[in-house]
Amino acid sequence: MNGYWKGTLPEPQVRTIGDMRGVLADPDCAAAADQPLYFMYRHLALSEDDRRWLEEQHLSYDITVIPPQTLCGEYVKTKGHYHIENPEGVGYPEIYEVLEGEGHYLLQNHDASDVIMIRAVAGQKVLIPPGYGHVTINPGKEDLVMSNLVSTEFSSDYAPYVEKSGAAYYEMEGGALVKNPAYPHASPVRHLAPVEVSELDLTRRTPLYDLVGRPASVAFLNHPEQFMQIFAGLTEYPVPR
Ligand SMILES: O=P(O)(O)OC[C@H]1O[C@](O)(CO)[C@@H](O)[C@@H]1O
């Protein structure tokens, strides 16, 4: 039993240290290659009606659990990937919700001329805008549990992260953001707040799963070209002081 999912959980996909070899701050970090790092529960639904609705909308609701740890001084993180463009030529976005713990979402555009850090706690949402790759870091001492809604119409592109040994920055124990030398021209990190878009019900008081059954709230995931004003507003949403 857990507090974040009322249904049964299928067998998770597991990412191991071996899967992460090319993207760690310390490429020689010696740890058992088969050690599991995080767990991804895919295509979740609380009822058959919900499952059918998600399939009709070409969406997947997934939960990822990232237990806390450091790897040679670097906080545990996801591997990192970009999403490809949809048939209209706009990258598929994604929406996350933190369910437990704390997540640091490190976003970057393709040439890392824009690098964004969004820190989120339970209930807060993080929108990955079109064209931005993303890594999620667990900087805490507890499990980070997060859900996402994303289009099922594409596969993630890992190559840019692997080719450059990870994202433009590594978050080290204590919180230091260390620049990855493979990105000599990367911008300094901008800190933005989690997203609140009330017209799409992307708010702290609405659990992400509650968007199941609300087509107008999730249309942006497959048709981002119709929502460009929302993405533009997002990248100017600073952390409140
Ligand atoms: O595929 P990566 O980079 O390991 O990241 C895993 C994360 O990405 C997703 O697959 C969706 O973008 C999530 O379900 C998961 O949390």
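In which helix is the place of Leu54? I find Leu54 in helix H1, residues 48-56, where helices are DSSP runs of H or I with at least four residues, strands are runs of E with at least two, and both are numbered from the N terminus. The model is a predicted one, in which local features need pLDDT of at least 70 and side-chain atom pairs count only at pLDDT 80 or more, while totals for chains, interfaces and linings use all residues. Residues are numbered from 1 along each chain as its sequence is written.

**Entry: Leu54.** I note that Leu54 counts as buried because it has 20 C-beta neighbours inside 10 Å; a residue is buried with 20 or more other C-beta atoms within 10 Å of its own, exposed with 12 or fewer, and partly exposed in between, the C-beta atoms being placed from the backbone. Setting aside residues up to four places away in sequence, I list Ala45, Leu59, Ser60, Tyr61 and Val212 as touching Leu54, a contact being C-beta atoms, placed from the backbone, within 7 Å.

**Entry: the core.** The largest nonpolar core has 54 residues, and Leu59 and Leu149 are among those with the most contacts inside it; such a core is a set of buried Ala, Val, Leu, Ile, Met, Phe, Trp, Tyr and Cys residues joined through C-beta atoms within 7 Å. Leu149 touches, again leaving out residues up to four places away in sequence, Leu59, Tyr61, Ile95, Leu208, Leu211, Val218 and Leu221.

**Entry: the sheet.** I traced an open sheet of six strands in the order S1-S2-S3-S11-S6-S9, with antiparallel pairing, where two strands pair if DSSP finds at least two bridges between them. Its edge strands are S1 (13-16) and S9 (125-128), each pairing on one side only. Strand S2 (residues 36-41) is joined to S3 by three bridges, and Phe39 has Val65 in S3 as its bridge partner. S3 and S11 pair over eight bridges, with Ser147 in S11 as the partner of Ile63. Six of the eight residues of S3 are buried.

Terms used
Contact = placed C-beta atoms within 7 Å.
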